[in-house]
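Here is a short report on one protein chain. Keep the sequence and the 3D view side by side as you read.

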Amino acid sequence: MHKALIVDDEIPVRVAVTKLGNWKKWHIETPILYAENGKEALKVLMEVHPCLVFVDMQMPIMNGVQFMERARELAPDLSCRFIIVSGYDTFDYAKAGIRYGATDYLLKPVVADELNEAIGRAMQGL
């Protein structure tokens with residue numbers, strides 16, 4: 001079984017992604033792991049090694065770009081996929097996502113079909 005981590009400071013977003021994801025189809029364990037910011041997420045990433053990480057861009061303490069950059073520095077060989085879930089459609093965030101290996105960029109509010117298609121693309125790449 002695979003593990004997934006949702007990194008977002010907004011509880012409603014974590015709940016939405018959890019409820020909308022078709023986790024069984026991709027053999028992803030439930031309950032899904034959570035972190036409220038990038039700093040917490042780094043700890044979970046290093047301890048649990050999830051294969052799929054949903055990353056918000058705007059968070060306190062450590063934002064999504066900083067988290068992805070630090071994650072790749074600490075564990076360059078870690079085989080996890082990042083999916084960005086953001087309320088911002090700025091090119092800078094998309095460019096940073098590409099730089100750090102994000103497989104998809106979803107806008108909030110999350111739509112079930114888009115989410116599950118993104119999960120499928122990320123999991124096929126593992």
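## Strand S1 and its neighbours

S1 and S2 pair in the parallel sense, and 3 bridges link them. This is a predicted model. Between the two strands comes helix H1, residues 11-20, and S1, H1 and S2 together make a right-handed β-α-β unit.

S1 also runs parallel to S3, joined to that strand by 4 bridges. Here the bridge partner of Ile6 is Phe54 in S3. Val7 stands opposite Val55, also in S3. Is S1 covered on its faces, or open? Both faces are covered. Ala4 and Ile6 are buried on one side, and Leu5 and Val7 are buried on the other.

## The whole sheet

Strands of a sheet pair through backbone hydrogen bonds, in a parallel or an antiparallel way. In what order do the strands of this open sheet lie? The order is S2-S1-S3-S4-S5, with parallel pairing across 5 strands. S2 and S5 stand at the edges with a single partner strand each, so one side of each has no neighbour in the sheet. From one strand to the next, the twist averages 20°.

Helix H5, residues 112-124, packs on this sheet and touches S3, S4 and S5. The direction of H5 makes about 175° with that of S5.

S3 and S4 are parallel partners over 4 bridges. In that pair, Val53 has Phe82 of S4 as its bridge partner. The chain gets from S3 to S4 by way of H3, in a right-handed β-α-β crossover.

S4 and S5 also pair in the parallel sense, over 5 bridges. Ile83 stands opposite Asp104 in S5. The path from S4 to S5 goes through H4, and this β-α-β crossover is right-handed. S4 is mostly covered, with 5 of its 6 residues buried.

Which residues have the most contacts inside the largest nonpolar core? They are Val53, Phe67, Met68 and Phe82, in a core of 24 residues. Strands S1, S3 and S4 each give two or more residues to this core, and so do helices H2, H3 and H4. Take Phe67 as a case. Leaving out neighbours within four places in sequence, Phe67 is in contact with Gly38, Ala41, Leu42, Leu45, Val53, Val55, Met62 and Phe82.

## Helix H2

Look next at H2, residues 38-48. Its buried residues include Gly38, Ala41, Leu42, Val44 and Leu45. An α-helix has 3.6 residues a turn, so residues three or four places apart point the same way. Among the elements that cover the buried residues of H2 are S1, S2, S3 and H3.

Both ends of H2 have a detail to find. At the start, a side-chain oxygen of Asn37 reaches to within 2.9 Å of the backbone nitrogen of Lys39. Just after H2, His49 takes a positive phi of about 60°.

## Met62, in a loop

Where is Met62 placed? Met62 is in the loop between S3 and H3. Is Met62 buried or exposed? Its relative accessibility is 17%, so Met62 counts as buried, because the cut-off for buried is under 20%. Not counting residues up to four places away in sequence, Met62 touches Asn37, Gly38, Lys39, Leu42 and Phe67. Met62 and Glu73 are 11 residues apart in sequence, and their C-alpha atoms are 15 Å apart in space.

## Asp104, in strand S5

Asp104 is placed in S5, which covers residues 102-107. With 16% relative accessibility, Asp104 counts as buried. Which side chain does the side chain of Asp104 join in a polar contact of 2.7 Å? The partner is Arg121.

Setting aside residues up to four places away in sequence, Asp104 touches Phe82, Ile83, Ile84, Ala118 and Arg121. Phe82 is also one of the residues with the most contacts inside the largest nonpolar core.

Definitions and conventions:
Residues are numbered from 1 along each chain as its sequence is written. This is a predicted model: local features need pLDDT of at least 70, side-chain atom pairs count only at pLDDT 80 or more; totals for chains, interfaces and linings use all residues. Side-chain values use heavy atoms; hydrogens and water are left out. A nonpolar core is a set of buried Ala, Val, Leu, Ile, Met, Phe, Trp, Tyr and Cys residues joined through side-chain atoms within 4.5 Å. Buried means under 20% relative accessible area, exposed over 50%, partly exposed in between (1.4 Å probe, protein chains only). Contact means heavy atoms within 4.5 Å. A polar contact is a pair of N or O atoms within 3.5 Å; within protein, one must be able to donate a hydrogen and the other to accept it, and residues adjacent in sequence count only if both atoms are side-chain atoms. Two strands pair if DSSP finds at least two bridges between them. Axes are lines fitted to C-alpha atoms, for helices over the stretch in contact, and angles run from 0 to 180 degrees between N-to-C directions. A crossover is right-handed if, with the strands pointing away from the viewer, the path from the first strand over the helix to the second runs clockwise.
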